[in-house]
Amino acid sequence: MAAAPLYILLCSGEHEKIQMAAMLASVAAVSDRPVRVFVSMNAILAFEKGKSPAERYHGGEFSRLIMENKVPDAIELFGQGKMLGDLTMHACSMVMDLKKWEMDHLVDDLFDGMLGLTKFLADAETGELLTL
Amino acid sequence: MQTIDARGAFCPGPLMELIAALKLSAIGDQIEILSSDKGSAADVPEWVAKVGHKMVGVTDKGDHWSIIVEKAK
């Protein structure tokens, strides 16, 4: 039996939560589980194109340790999940409107488009929803 | 046999490196991954069983593990 899709609602701009979302998403995707990630609120700021890791990630003790050690970068992990598994990512249309951003403001080759919360929630009824 | 040296990389780096290598391999090929990540010795066999490849062996080398996987599909 196919695994139920994993839906991840990522809204925190905290590095540790973005990292955890990227780890969950990439490992689930490469384990034959469909993953759907919806990025909203402060989390979207971490996906702005052209930022350095120091500009992109803000957090506490583990943010510092992640950046000081050979821990896979969250953006790269999401990319690997997309490349090696069934992982889609959507930007919340409301926060994109508020920021007056278009898709080209976001990191290349990661997002599949914008989506509204209602559609994401309706889709999420078919699987397991995690909020970070 | 191809060997990937992922020592020093943290979770889930070694697993992702293994998966990328398996994707480029032929069925029957064996790949060894060297990992110092404490979770890899359990995580890699779990992933291999989940997706249907074959575990050849896990060996504790003291400061790292040698994990050998055969591509089965």
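Reply: A residue is buried at under 20% relative accessible area, exposed at over 50%, and partly exposed in between (1.4 Å probe, protein chains only). A:Glu61, with a relative accessible area of 46%, is therefore partly exposed. This is a predicted model, in which local features need pLDDT of at least 70 and side-chain atom pairs count only at pLDDT 80 or more, while totals for chains, interfaces and linings use all residues. Residues are numbered from 1 along each chain as its sequence is written, chains are lettered from A and ligands numbered from 1 in the order in which they are written, and side-chain values use heavy atoms, with hydrogens and water left out.

Me: With which residue does A:Glu61 form a salt bridge?

Reply: Side chains of opposite charge can pair when their charged atoms come close. The rule asks for a side-chain nitrogen of Lys or Arg within 4 Å of a carboxyl oxygen of Asp or Glu. A:Glu61 pairs with A:Arg64, the closest N and O atoms being 3.0 Å apart. Both residues belong to helix 3 (residues 61–68) of chain A and are 3 residues apart, about one turn of the helix. Helices here are DSSP runs (H or I, at least four residues), as are strands (E, at least two), numbered from the N terminus. A:Arg64 is partly exposed, at 39% relative accessibility.

Me: What other salt bridge does A:Arg64 form?

Reply: A:Glu68 is a partner of A:Arg64, and the closest N and O atoms are again 3.0 Å apart. A:Glu68 and A:Arg64 are separated by about one helical turn because they are 4 residues apart in helix 3 of chain A. At 53% relative accessibility, A:Glu68 is exposed. The shared partners join A:Glu61, A:Arg64 and A:Glu68 into one salt-bridge network.

Me: How much area do chain B and chain A bury between them?

Reply: Buried area is the accessible area (1.4 Å probe) that two parts lose on being put together, summed over both. Here the value is about 1200 Å², 69% of it on carbon and sulfur atoms. B:Phe10, B:Pro12 and B:Met16 supply 41% of the area that chain B buries against chain A, more than any other three residues. By contact (heavy atoms within 4.5 Å), chain B contributes 16 residues and chain A 15 residues.

Me: Where is B:Pro12 found, and is the peptide bond from B:Cys11 to B:Pro12 cis or trans?

Reply: Most residues other than glycine have a negative phi, and most peptide bonds are trans. The bond from B:Cys11 to B:Pro12 is cis, with omega near -5 degrees. B:Pro12 sits in the loop between strand 1 (2–5) and helix 1 (13–23) of chain B.

Me: Which residues have a positive phi although they are not glycines?

Reply: Among them are A:Lys100, with phi of about 55 degrees, and A:Asp109, with phi of about 60 degrees. A:Lys100 lies in the loop between helix 5 (93–99) and strand 4 (114–115) of chain A, and A:Asp109 is in the loop between helix 5 and strand 4 of chain A as well. A:Lys100 is exposed, with a relative accessible area of 71%; A:Asp109 is exposed too, at 75%.

Me: Is A:Val107 buried or exposed?

Reply: A:Val107 is buried, at 17% relative accessibility. Its place is in the loop between helix 5 and strand 4 of chain A. Not counting residues up to four places away in sequence, A:Val107 touches A:Phe47, A:Glu48, A:Lys49, A:Arg56 and A:Ile75.

Me: At what angle do the axes of helix 1 and helix 2 of chain B cross?

Reply: Two packed helices are described by the angle between their axes and the distance between the axes. The axes of helix 1 and helix 2 (residues 40–51) of chain B come within 10 Å and cross at roughly 35 degrees. Such axes are lines fitted to C-alpha atoms over the stretch in contact, with angles from 0 to 180 degrees between N-to-C directions. From helix 1 of chain B, B:Pro14, B:Leu15, B:Leu18, B:Ile19 and B:Leu22 meet B:Ser40, B:Val44 and B:Trp47 of helix 2 of chain B.
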